[in-house]
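Hi everyone, thanks for coming. I'd like to walk you through one structure today, so let's get it up on the screen.

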Amino acid sequence: MNGLPEKKMSEDAQNVNLFTGTKRKENDIPYGYCKCGCCQKTTISPKSCRFHGYIKGKPRDFIQGHHARLQPKGENSHKWLGGVSSNGHNRIIIYNPSHPKATSEGYVLRYILIAEKAMGKILERKHQVHHFNGITDDDRNSNLVVCESNAYHFLLHQRQRAYQDCGNPHYIKCNYCKKYDDPSNLNGHHVHSECNKKYQKAYSRPRRLMAAKSKEKLRLKRIEIKKFVVGLHNNGLTTRDIADKLNMGNATISRILNGKGAWKVDPETLEARAKEEAF
Ligand SMILES: [Zn+2]
Ligand SMILES: [Zn+2]
Ligand SMILES: [Zn+2]
């Protein structure tokens, strides 16, 4: 129509539904749905973008992240480095897409593969692998410890830290003074009873008292303001006059007079209660 030849989709990965494995035609996916074949509606673009190919007010081609599903994987990927790479956290990963723990790119952590080979079975999801010397890309057999759970792995790290810091792996750190001590000297929250007393005296109790005092101050201020406004109102002034006089909003004055929201304070009952407490 415009002189250009019609585009034809090649019969490669782009034409295969990733979930069913069947080949699909170009027109199978309706307008406004994700082109990866996941059958979900895409969002509407709030602005045009030449780089991404968005048009303002029209649905996007893909849900965010689904574009990568149509990209060639494994050896055909432009990032292919021979099947060995790093995951960005100093851990080495190996291409093994048939493994149950493989990521969407088909990579598995190398130390998991080595531990499974040594154990002779596939590790469960709750199992974790610990590096004895702390170097996470040192995956020699002698450096790996298979932990039965996350809790056991945490315990190993805690004992290692204690051994490095104070020379005794049984010791625990006090949460307040940050010093290692025998667990029998600490309470259930891993705190010295003396440290706990100091903390309560220095921070916790004053803060609670301060909060209570400021609340009480606010309430007393509100009572004074309310008394003043009600007195003016009883002298025959309208709400507008009072608002002009006090340089306040008309709505706040009416709220004070009607006792709504925070202005629900009742001066008489509060005074009576204060007298009762005093006697
Ligand atoms: Zn999709
Ligand atoms: Zn570890
Ligand atoms: Zn302490």
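Helices (H or I, at least four residues) and strands (E, at least two) are DSSP runs, numbered from the N terminus. What you see is a predicted model, where local features need pLDDT of at least 70, side-chain atom pairs count only at pLDDT 80 or more, and totals for chains, interfaces and linings use all residues. Residues are numbered from 1 along each chain as its sequence is written, with chains lettered from A and ligands numbered from 1 in the order in which they are written.

Okay, the sheet. It's an open one, three strands in the order E1-E2-E3, with antiparallel pairing. E1 (84-86) and E3 (107-109) are the edge strands with a single partner each, so one side of each has no neighbour in the sheet. E1 and E2 (residues 92-95) are joined by three bridges, and serine 86 has isoleucine 92 in E2 as its bridge partner.

Now the helices. Where do the axes of H3 (residues 193-234) and H5 (residues 250-258) cross at roughly 95°? They come within 10 Å of each other there; axes are lines fitted to C-alpha atoms, for helices over the stretch in contact, and angles run from 0 to 180 degrees between N-to-C directions. That makes H3 roughly perpendicular to H5, a label for angles of 65 to 115 degrees. H5 brings Ile253, Ile256 and Leu257 to the contact, and H3 brings residues including Val229 and His233, where contact means C-beta atoms, placed from the backbone, within 7 Å.

How values were computed:
Two strands pair if DSSP finds at least two bridges between them. Angles under 35 degrees count as roughly parallel, over 145 as roughly antiparallel, 65 to 115 as roughly perpendicular and the rest as oblique. Two residues are in contact if their C-beta atoms, placed from the backbone, lie within 7 Å.
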